[in-house]
Amino acid sequence: MAKPADTRTAGRKPVVKATRSAAETEKIRAALAARRDELRAEYDQTLSEITELQRDRLTDSAGDDQADTGTKTFEREQEISLANSILERITQVERALERLDEGGYGWCERCGTPIPVERLAAFPSATLCVTCKQLAERR
């Protein structure tokens, strides 16, 4: 009995991963590390601002009605969402650095094809090629 073909790899030729030079790897690593450090600073600043705003809200909440309380809760949730978004971007950059160390940076995690240089330039922590990313977004 024959095994069914894997639909993701059927008809595709195996891709041989090219090695990048040490200078290219270090240039990529430096750019990713700089982006990670920039995001960490932004995250720390955002947490500091959230803490300060929380302190101000606690001291300025006397006499608040339901609408004021609701507005403050909504604003707090937006601030926390922003901080979580920054934290997720930090995680993506750290994952890109891990992939660089492992030799998988610049290759699609799903289909194994090279991720176009233009995509990596625009989104350095990309782990999927454009086609796989489009498929993932449709789900």
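**View 1. The largest pocket.** About 310 Å³ of space lies in the largest pocket of this protein, which is shown here as a predicted model. Its lining is made up of 15 residues, and those nearest the centre of the pocket are Arg 20, Ile 28, Tyr 105, Val 117 and Leu 120. Helices α1 and α3 (117–122) each supply at least two residues of the lining. Helix α1 gives the most to this lining, with four residues.

**View 2. The fold as a whole.** The protein has four helices and zero strands. Read from the N terminus on, its elements run α-α-α-α. Of the 139 residues of the protein, 24% count as buried. Among contacts between residues at least 6 apart in sequence, 57% join residues at least 24 apart.

**View 3. Helix α1 and its buried residues.** Helix α1 covers residues 22–59, and its 38 residues should span 56 Å at 1.5 Å a residue; the C-alpha atoms at its ends are 55 Å apart, which agrees. The buried residues of α1 are Thr 25, Leu 32, Ala 33, Arg 36, Leu 39, Tyr 43, Thr 46, Ile 50 and Arg 57. These buried residues pack against α2 (66–102). An α-helix has 3.6 residues a turn, so residues three or four places apart point the same way.

**View 4. Thr 25 in helix α1.** The place of Thr 25 is in helix α1. With a relative accessibility of 13%, Thr 25 counts as buried, because the cut-off for burial is under 20%. When neighbours within four places in sequence are left aside, Thr 25 is in contact with Arg 20 and Leu 100. Arg 20 is also among the residues that lie nearest the centre of the largest pocket.

**View 5. The largest nonpolar core.** The largest nonpolar core of the protein has 20 residues, and those with the most contacts inside it are Leu 32, Tyr 105, Cys 108 and Cys 132. Helices α1 and α2 each supply at least two residues of this core. Helix α2 gives the most to the core, with seven residues. In soluble globular proteins, nonpolar side chains tend to be buried together. Leaving aside neighbours within four places in sequence, Cys 132 is in contact with Cys 108, Arg 110 and Cys 111.

**View 6. Thr 91 in helix α2.** Thr 91 lies in helix α2. The relative accessible area of Thr 91 is 42%, so this residue is partly exposed. The C-alpha atoms of Thr 91 and Leu 39 are separated by 10.0 Å, and these two residues are 52 residues apart along the chain. Leu 39 is one of the buried residues of α1.

View 7. Ser 125 is found in the loop between α3 and α4 (130–138). Its relative accessibility is 8%, and Ser 125 therefore counts as buried. Apart from neighbours within four places in sequence, Ser 125 is in contact with Gln 92, Val 93 and Ala 96.

Technical notes:
Residues are numbered from 1 along each chain as its sequence is written. This is a predicted model: local features need pLDDT of at least 70, side-chain atom pairs count only at pLDDT 80 or more; totals for chains, interfaces and linings use all residues. Side-chain values use heavy atoms; hydrogens and water are left out. The expected span of a helix is 1.5 Å times one less than its number of residues. Buried means under 20% relative accessible area, exposed over 50%, partly exposed in between (1.4 Å probe, protein chains only). Contact means heavy atoms within 4.5 Å. A nonpolar core is a set of buried Ala, Val, Leu, Ile, Met, Phe, Trp, Tyr and Cys residues joined through side-chain atoms within 4.5 Å. On a 1 Å grid over the protein atoms alone, a cavity is a set of points where a 1.4 Å probe fits but cannot get out, and a pocket is an open set with protein on both sides within 12 Å along at least five of seven lines; lining residues have an atom within 4 Å of a point. Grid points are joined across faces, edges and corners, and a volume is the space filled by probe spheres set on the points.
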